[in-house]
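Me: I have not looked at this structure before. Could you take me through it, one topic at a time?

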Amino acid sequence: MKRAHLLSLTLLLTVSLAPLAAVAQSTQDTESPEAKQARLAWFKDAKYGMFIHWGLYAIPAGEWKGQRCPGLGEWIMNRCHIPVKEYEQLAKQFNPTKFNADAFVQLAQDAGMKYIVITSKHHDGFALFGSKASKYNVVDATPFHRDILKELAEACKRHNMPLGFYYSQSQDWHEPGGAGNDWDFGPDQDANRKELKPYDDYLRTKAEPQVKELLTGYGPVALVWFDTPRMMTKERAKRFTDIVRGNQPATLIDGRLGDVGDYVSTGDNVIPSAVMKDYWEVPATTNHTWGFRKDDTDWKSPGEIAFKLIDSVSKGGNYLLNVGPMADGIIPLEAQENLRSVGRWLKTNGEAVYGAGPSPWGEEFGEPSARGDKNLRGQKLVLPHNEWRVTTKPGKLYFTFFEEPRVPFELPAMKNTVKRAYLLETGKEVTLKQEGGKTTIDMPRPMWDPMATVVVIEIEGNAVEK
Ligand code: FHN
């Protein structure tokens, strides 16, 4: 993150320690669109963040009592219906002696990621920070006794890295009042959606106090990433918004609280098929799970990651890419290597990503199935085209090619005069031809970087006119 942006974020976040009930009311209800955009500015520039899913589930790593338990690693307690009394024993084994907060932040920096979001408490109810609201936390319940979030917050501060906290506000499988644990505590609701658990007790005695602890004990919180809003009425969601706004007014709230957040959170690994009106972020996996599973070694390649990142930026969003540290505190080395490869690419091509705007066109994204087919989620199928994407800055268009154009590449139609074309990485001119109202570029072959090559097109005027 550029220093100026970091300063404005710090400033925004520090102003936040003002007296709070009143602020909560006013920020929530009266914030102007401009003020909201100012809070979002660092996030929109950042584009690429590191998600970290880490907790007790890293110990069983997808296997319970010698049996493979299919599904997401962090869902093992639910998928295998592990009783609370058994699952919580894992805390006694949680001793990640190889954990080094600076190494996490260093990896994010090497990868070119501009913010970090870590699970402070996932659905299993275990907190990765010292909490007075529940002893089921890393400091009180494990032999490790160290406050992982505190160490990470300090490391982030040392490296100027914005830090946000994931918090599972509704699901808490450890608590009788939390949503989601029907194997120990029965269903959350009956057939008429009548609530059957002391859900508000859980919210008031654990979830709300813990969110407050995060907002008051861990320095500036860049964002809170709520998730799976079950039974989250507007009134309940507002209680969380008030805690966040009341303690740190600049902190962003994701799109999964249960009421409007500061930006849209898309589905897991779901990059929209076109530019969206509102600003958005996609949470994404590097393999197929969030929490570590020893049997999931199907890592996304650097090329796939680079494509998804630029695809996201060209559609006006952020790419929040997950790593799942192992029980000893180490992030799987294959994931580290792939992230660092993308980071090296970003070192010379980052201008096309950070702070860049979306595509002025959209034809490059693909086309809806003419037969009206649906995808596996039952949505309208869009047949994607993945050859190239374009991102923008005033007076500049960044065409990123993921496949080598075999013929001169025709730029999409625009009224602007095209002034110049060159490779972003080397500055070398790219042959430009303008004939009969068409502009083509002739990329040198073989492509400079076979993974992704960026050609910068300089145009008259700030933005594309169509
Ligand atoms: O259930 C969670 C899942 O474990 C993971 O945390 C993802 C990340 O976006 N969110 C939920 C499913 O959407």
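Reply: The answers below go through the ligand site, the pocket, the cavities, an aromatic pair and some backbone details. This is a predicted model, in which local features need pLDDT of at least 70 and side-chain atom pairs count only at pLDDT 80 or more, while totals for chains, interfaces and linings use all residues. Residues are numbered from 1 along each chain as its sequence is written, and side-chain values use heavy atoms, with hydrogens and water left out.

Me: Which residues come nearest to the ligand?
Reply: His53, Glu74, His123, Asp227 and Asp268 come nearest, out of 13 residues around the ligand. By class, the shell has 5 nonpolar, 4 polar and 4 charged residues. Here Ala, Val, Leu, Ile, Met, Phe, Trp, Tyr, Cys and Pro count as nonpolar, Asp, Glu, Lys and Arg as charged, and the others, Gly among them, as polar.

Me: And what is 2.5 Å from a nitrogen atom of the ligand?
Reply: That is an N or O atom in the side chain of Asp227. Asp268 has a side-chain N or O atom 2.7 Å from an oxygen atom of the ligand, and a polar side-chain atom of His122 lies 2.8 Å from a ligand oxygen. A polar contact here is a pair of N or O atoms within 3.5 Å.

Me: How much of the ligand does the protein bury?
Reply: The protein buries 90% of the 330 Å² that the ligand exposes when taken alone. These accessible areas come from the Shrake-Rupley method with a 1.4 Å probe.

Me: Changing topic: what is the volume of the largest pocket?
Reply: The largest pocket has a volume of about 700 Å³. On a 1 Å grid over the protein atoms alone, a pocket is an open set of points with protein on both sides within 12 Å along at least five of seven lines, a cavity is a set where a 1.4 Å probe fits but cannot get out, and lining residues have an atom within 4 Å of a point. Grid points are joined across faces, edges and corners, and a volume is the space filled by probe spheres set on the points.

Me: Which residues lie nearest the centre of that pocket?
Reply: Of its 21 lining residues, Asn269, Val270, Ile271, Asn375 and Val382 lie nearest the centre. Helix H11 (302-314) and strand E12 (382-384) are the elements that give two or more residues to this lining. Such helices (H or I, at least four residues) and strands (E, at least two) are DSSP runs, numbered from the N terminus.

Me: How many cavities of 30 Å³ or more are there?
Reply: The structure holds 2 of them. About 70 Å³ of space lies in the largest cavity, and among its 14 lining residues Asn287, Trp299, Val323, Gly324 and Pro332 are the closest to its centre.

Me: How are the rings of Phe51 and Tyr166 arranged?
Reply: Their centres are 6.1 Å apart and their planes are at 50 degrees, so the pair is tilted. Rings of Phe, Tyr and Trp (its six-membered ring) pair if their centres lie within 6.5 Å; planes under 30 degrees apart count as stacked, over 60 as edge-to-face and the rest as tilted.

Me: Where is the cis peptide bond?
Reply: A cis peptide bond joins Arg445 and Pro446, with omega about -5 degrees. Pro446 is in the loop between strand E18 (438-442) and strand E19 (453-459).

Methods
A residue is near a molecule or strand if one of its heavy atoms lies within 4 Å of it. A polar contact is a pair of N or O atoms within 3.5 Å; within protein, one must be able to donate a hydrogen and the other to accept it, and residues adjacent in sequence count only if both atoms are side-chain atoms.
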